[in-house]
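User: Hi, could you go through this structure with me, one step at a time?

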Amino acid sequence: MIARVPSLLFGLTLLTAGFAAPPPAAAPATGEQFLFDDLTYGSVGDLETHGWVVRAGLGWPGIEHAAWRRQNVTFVADSDRPGNRFLRMTSSTDGTPAGTFQTQICQQRKFKEGTYAARVRFARGPAAGPAGDGVVQSFYTYSTVDVPKNPNYSECDFEYLPGGGWGQTGPALFVTSWATTEKLPDGKWDNTSNALPGKQSGWHVLVLQVFGGHVRYFLDGTPIGDHSGRCYPREPMSLNFNLWFTQEGVAPSRETRSYEEDIDWVYFEKEAVVSPDEVVRKVTALRKAGIARHDTVPSLGLPCPCNN
């Protein structure tokens, strides 16, 4: 994920008019290429045996020289669904680089066109300590930034900022599709972005459709962005979640505060446009069948960019 403020080329107005309704998708069939993971694991080691990478070390985005830690990923019981667990990312800061610990998990880099979905819980503020930080809670896809001017760079983001930032004085959910990591001649970032102002804390189903030249974003079934043109993905991407602090938004307090983001499940169906309602039906059917995880999306042998 690029640690840059979205350029908001289409403004900060939620544009819902004119979105085309996606065609209905068929139920999963034998041989269909899809990934489902309900993220009910006992440890980070168990998670990593199923294609996930938990980031460690230093690096962008966020507060410069802050660390990413594996122990920030835990699994908590779901009080509403016996036997189910959530994956919890917990990031903390005391306002200094040495005291900042961020969290990121990534799947393999093997996803491109299709439908991506996840059920996530956005926090409205810190789980402990004082509020006031620019914190980013996300679900996103991206390719790689190993070539700074790569003309095929691809990235699609859901990013919730409960404390505001990036031109918003209060909470806002941003959806952003990137063309490159380089700025345009006018100094703006090369992306297309929409912002949905207002509180979005709590559980949500996030759906991203990448197909037919359009990148469509949905929040609980409601369309909140439709991007095309230069920002349409051109490279295979990894599927990721992270929880980080913006460099420009860190609060002056030196008291440690922590933030959480929970993930219930994640789903991807290759080269298919699946409506948000159908995604939920498919996930429900998989769970009723006792399928905790399934992955028939072929590996492309590409390195995961999580620790790069």
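User: How many bridges join strand 2 to strand 7, and do they run parallel or antiparallel?

Analyst: Strand 2 (residues 53–54) and strand 7 are joined by two bridges and run antiparallel, where strands are DSSP runs (E, at least two residues) numbered from the N terminus, and two strands pair if DSSP finds at least two bridges between them. In that pairing, Val54 has Ile105 of strand 7 as its bridge partner. Please note that this is a predicted model, in which local features need pLDDT of at least 70 and side-chain atom pairs count only at pLDDT 80 or more, while totals for chains, interfaces and linings use all residues. Residues are numbered from 1 along each chain as its sequence is written, and side-chain values use heavy atoms, with hydrogens and water left out.

User: OK, and what does Ile105 stand opposite in strand 16?

Analyst: Ile105 stands opposite Phe241 there, and strand 16 (residues 238–245) is joined to strand 7 by four bridges, running antiparallel.

User: Why is strand 7 largely enclosed?

Analyst: Five of the six residues of strand 7 (residues 101–106) are buried, so the rest of the structure largely encloses this strand; buried means under 20% relative accessible area, with a 1.4 Å probe and protein chains only.

User: New topic: which cysteines form a disulfide?

Analyst: Cys106 and Cys306 do, with their sulfur atoms 2.3 Å apart, given that a disulfide is a pair of cysteine sulfur atoms within 2.5 Å. The pair links distant parts of the chain, 200 residues apart, with Cys106 in strand 7 and Cys306 in the segment after strand 18 (293–295).

How values were computed:
Buried means under 20% relative accessible area, exposed over 50%, partly exposed in between (1.4 Å probe, protein chains only).
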